[in-house]
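Welcome! Here is a short tour of one structure, written for someone meeting it today.

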Amino acid sequence: MTTTNSIPVTPVVRKAADYRTDLKPIWCPGCGDFAVLAAIQQALVALQVDPKDLAIVSGIGCSSRLPGFLHAYGLHTVHGRALPAATGLKLARPDLTVLAVGGDGDFFSIGVGHLPHAVRRDINITCIVMDNEIYGLTKGQTSPTSPQGHVTKSTPGGNPAAPLHPLALALSSGATFVARGFSSQPKQLAELIKMGMQHEGFSFIQAMSPCVTFYDTYKLYKEKVYPIPADHDVRDPDAAMRYALESERLPLGVLYHEPRPRAAAQPAPEPKPFDTAAYLARFKA
Ligand code: SF4
């Protein structure tokens with residue numbers, strides 16, 4: 001217990017419940033996104049982030065509903081645009097912890113053009129992609145990470161395209177923190193998210209998060225996942241890329257981490273009163 005002006009002050013200890021909202025997640029029972037939400041809340045507990053210092057930004061999709069269920073400032077933006085919105089928010093409010101979340105359709109299809117540039121700018125945002133290799137919200141179309149040959153409503157003859165490698169995309173763009181977790185291993189996923197939030201710069205975390213309704217990959221992933229060996233050098237980009245390009249198996253853990261010196265905490269900018277007279281004068285000239 002500490003004291004301020006002789007008044008005893010009990011430090012606030014935040015629990016997972018402090019990061020919940022009154023809204024009940026409306027995902028299908030068994031959806032992997034429940035575990036990702038819980039892992040984010042565990043990471044926030046570990047770092048004791050004050051909800052007033054936290055913002056979460058999403059695009060469109062099942063997983064992009066997540067800001068509604070996390071006690072923080074939330075922006076549920078438009079399809080594929082979580083990263084530009086998160087970038088603008090972080091630039092305007094560098095004092096906030098900013099998370100950008102969404103799914104594989106959102107980040108790797110319509111929004112894919114934003115990812116390499118957000119990575120290059122290395123703005124201090126934690127990007128968590130809930131990858132289920134399918135479009136869930138629109139009821140089961142092929143996504144950029146669906147396997148080749150996969151039969152869906154949009155590819156009844158089998159997906160003709162090879163899947164995109166999200167981790168390789170992040171690495172080749174110059175990401176300084178790249179990791180993969182799995183919703184069935186929530187403790188590790190929470191730790192990876194925590195590490196991403198502690199990383200000074202852009203952190204990219206692929207969370208394998210099965211869609212039980214349109215492409216249930218739990219059994220497949222459980223057979224394919226394995227932990228990245230403890231002796232992996234996370235500063236070795238070639239080794240990281242080899243893990244990123246594996247397709248027969250799914251390595252879990254940190255692939256690449258290039259620690260950055262932590263910048264001094266930046267205060268929130270002073271709010272400037274809006275000059276209505278000056279603004280209106282522009283239209284009179
Ligand atoms: Fe989750 Fe799939 Fe249901 Fe969407 S459709 S909530 S991704 S299980």
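## A helix and a ligand site

Just after α4, Asp122 takes a positive phi of about 55°. Helices (H or I, at least four residues) and strands (E, at least two) are DSSP runs, numbered from the N terminus. This is a predicted model, where local features need pLDDT of at least 70 and side-chain atom pairs count only at pLDDT 80 or more, while totals for chains, interfaces and linings use all residues. Residues are numbered from 1 along each chain as its sequence is written.

Let us stay with α4, which spans residues 114–121. A residue is buried if 20 or more other C-beta atoms lie within 10 Å of its own, exposed if 12 or fewer, and partly exposed in between, with C-beta atoms placed from the backbone.

| Residues of α4 | State |
|---|---|
| His114, Leu115, Ala118, Val119 | buried |
| His117, Arg120 | exposed |

Among the elements covering the buried residues are α2 (82–92) and β8 (203–208).

Now to the ligand: Trp27, Cys62 and Leu137 are among the residues surrounding it. Trp27 sits in the loop between β2 (7–9) and α1 (33–47). Trp27 is buried, with 21 other C-beta atoms within 10 Å. From C-alpha to C-alpha, Trp27 and Leu137 are 9.8 Å apart in space, though 110 residues apart in sequence.

Conventions:
Near = placed C-beta within 6 Å. Contact = placed C-beta atoms within 7 Å.
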